[in-house]
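Hello,

Here is the structure I promised to pass on to you.

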Amino acid sequence: MAILKNFNLRDKGAEIWEGWNRSKRTTFVFAVVGVVILLPFAGDFSITSFLNTPTASYQAVLVYPVGMYILMALGLNIVVGKSGLLDLGYVAFFAIGAYSAAILGTRTNLNIWEILPIGMGLAMLSGVLLGLPTLRLRGDYLAIVTLGFGEIVRISAINVQSTGGPNGIGGVPNPPAVLGMKFDINNLKGFFWIVVVMILLVIWMIRRFTSRRPGRAWEAIRQDEDVAMLMGVPVLRYKIWSFSIGAAVGGAAGVIFASKSMFVAPDMFTFNVSVLILSCVVFGGMGNIWGVILGATILAYLPERIRFISTARQLVFGLALVIIMNVRPDGLLPRKKREKITAKGATK
Amino acid sequence: MNFSAVTGQFWSLLLAGVAIGFIYVLISLGYTMVYGVLRLINFANSEIFMVGTFASIIVSRTFFGYGDSSDTIHGFKLYYTLAACLVAAMLMSGVTAVLVELVAYRRLRAKGTNRLASLISAIGTSIVLSEGARILTQSRPLASPRLLNKFFVFNIGTVGFRIDIIIVIVFAAALFFAVDRFVNKTLLGKAIRAVSMSEDTSRLMGINLNRVISATFFIGGLMTGAAAFLYDLVFENTRFNIGFNLGLAAFTAAVLGGIGNLRGAFFGGITLGIIEVFAAAIFGAQWQAVTVFVVLVLVLLFKPNGLFGEAIQQSRV
């Protein structure tokens, strides 16, 4: 038991990784990416048909919720895991992305690829606008204000004419084909690959940030905001950066989601989604990319998988959250130990 | 926009706002007391409220056998029936709160882990409770039998004071006063205040931390349960997801008054109730929640510690 308690898969993995030379690392990365790209085919054989969940095909589940949740959880991880800001309204940015895709896609001639940067920009802008007044506040107030913002976006979507009210907007266009690859309801693989590309870009971005100035600033803010400020870190500016970058990722996920499901409605953007994404981050291991990905995969797939106990599915989900958090409070794959040791005492 | 409604019915709107505000006060005590000792948002408090609303209705329906078409009752019978409902709601909520603390917080606290882990485990408990209620009630709302004949006791000008509104205001104010006295005057209250100032020091002073924290959850739960009973009395209806909106509003109220501050919760709850009712009258009920949050953001911008956070710091739980 003692060995199990002190065993940290994240550290073990980092040890192996750091022992490798460049060519070994490159091979490994390509191998993993290759396997991930081939994932949509995994459900095609009769022996693997168990991957299909009772209500949705395996490929559909792979795009939404699994891929989408990983993308959003990585975005939220920048906010919660890296800089320690508790955001309970992350769904707002997802909704802003989805609604920009729906409104611009049905009323203008822009296609989804052109809308994607606009949606990200709008999400980012709202992140800045929300962040400017609220990021000065203490953590718990930030939590309630972001929660409120999520609800405001949803309620506005219900009550404003141009967003279609409670019925939402239908007929959101699919993205046009790229290099002969089609994206529609019969070609879900395409959507999965877009999401994978976006996830890889986000991972790349986070890793670049982490080892550079913004990453160090976020880490300092997370450990102790006052000390960071005394050390000359422009706290508010870096908080807003982290907040708006997270928002942009959420917005991007929203655009792709709207175009994949071809329909948006306020019901899709409830507080529960924010909670679920936050659970993915904390459950997997805050601040650690691989933990977050693992957490999001499990939490996205599990409720679909156990749909056969349909009525009690959310109940089991809640129980799983309580039990795992009690057994492994730092998540399944916690952040590196050396980061944790330096953080100890300061964050309490 | 409908300002004429406000000028025309200013005083009746004000009364309605104060009444709902008093219900918020009691629920926000559940949030604010727990926040005071643990520095944690007790996410399951909304579900503790939900449990209370069901307990109160189930007692009157199953125990006393009243139904939707029952006549109102009077005299001594009315008193003991309502008292039984109240006690059931308070006890059920109180016990649920203590259990939530045991399941969601205690182990994590002993490990001394990060606050987000506790938050997620509280969210998990909250999902379990509301989903459990959803399955048991099959997502159907449960109506409360109208036992109390709701007559207007007196009128001041055009404003009618209905009996249930008067009960809410008087009873909630009395309970708040009792809790305030309790926290400030008794030994256990002193222990609660000590823990909220410094956990480590109070442990050194020989305070049994777990017992004090359990007691705090229990008192917070009792108040939330009382709020649940009063809610049933006025609105006569409950659902498995009733806690979400009310819990959110009550938490906002606690923040508005300065979270962790008892008297702040009192003023925050009433202020929020009034703002909410007027916002609904002016902008329409669908914008109610939005107005509340806009107000909250404005308050936090100019008074980051809440409206009353600084002024009565001493009475921090």
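Predicted model: local features only at pLDDT ≥ 70, side-chain atom pairs only at ≥ 80, totals over all residues.

**Nonpolar cores**

Let me start with the inside. The largest nonpolar core has 208 residues, and the members that touch the most others are A:Leu74, A:Phe269, A:Leu278, B:Leu26 and B:Phe43. Which helix gives the most to this core? Helix 4 of chain A (residues 58-82) does, with 17 residues. Leaving aside residues up to four places away in sequence, A:Leu278 touches A:Leu76, A:Val80, A:Leu86 and A:Leu88 in chain A, and B:Leu119 and B:Ile120 in chain B. There is also a second, separate core of five residues, with B:Leu15, B:Ala19, B:Val159 and B:Ile165 among them.

**Aromatic pairs**

Next come the rings. Over all chains, the structure holds 25 aromatic pairs. Two of these may be of interest to you.

The ring centres of A:Phe93 and A:Phe243 are 6.0 Å apart and the planes are at 90°, so this pair is edge-to-face. A:Phe93 belongs to helix 5 of chain A (residues 91-107), while A:Phe243 belongs to helix 11 of chain A (residues 235-261), so the pair ties together parts that are 150 residues apart in sequence. Buried or exposed? A:Phe93 has a relative accessibility of 1%, under the 20% cut-off, and therefore counts as buried. A:Phe243 is buried too, at 1% relative accessibility.

The other pair is B:Phe10 with B:Trp11, where the ring centres lie 5.0 Å apart and the planes are again at 90°, so this one is edge-to-face as well.

Back in chain A, ring pairs link A:Phe93 and A:Phe243 with A:Tyr90 and A:Phe149 into a cluster.

**Salt bridges**

Finally, the charges. The count comes to 14 salt bridges over all chains. One of them joins the side chains of B:Arg61 and B:Asp68, with 3.0 Å from N to O. Here B:Arg61 is partly exposed, at 23% relative accessibility, whereas B:Asp68 is exposed, at 59%.

B:Asp164 deserves a look of its own. Its side chain meets that of B:Lys150 in a salt bridge of 3.4 Å, N to O. B:Asp164 lies in helix 6 of chain B (residues 163-185), and B:Lys150 in the loop between strand 1 (142-143) and strand 2 (152-156) of chain B, so the pair ties together parts that are 14 residues apart in sequence. Both B:Asp164 and B:Lys150 are buried, with B:Asp164 at a relative accessible area of 0%.

B:Asp164 also forms a salt bridge with B:Arg162, at 2.7 Å from N to O. In contrast to the buried B:Asp164, B:Arg162 counts as partly exposed at 26% relative accessibility. Which residues make up the network of salt bridges around here? B:Arg146, B:Lys150, B:Arg162, B:Asp164 and B:Glu236 are linked in it.

Happy browsing, and do write back with any thoughts.

Best wishes

Key: Residues numbered from 1 in each chain as written. Chains lettered and ligands numbered in written order. Heavy atoms only, no water. Core = buried A, V, L, I, M, F, W, Y, C linked by side-chain atoms within 4.5 Å. Buried < 20%, exposed > 50% of the residue type's maximum accessible area, 1.4 Å probe, protein only. Helix = DSSP H or I, 4+ residues; strand = E, 2+ residues; numbered from the N terminus. Contact = heavy atoms within 4.5 Å. Phe/Tyr/Trp six-rings, centres within 6.5 Å; stacked < 30°, edge-to-face > 60°. Salt bridge = Lys/Arg side-chain N within 4 Å of Asp/Glu carboxyl O.
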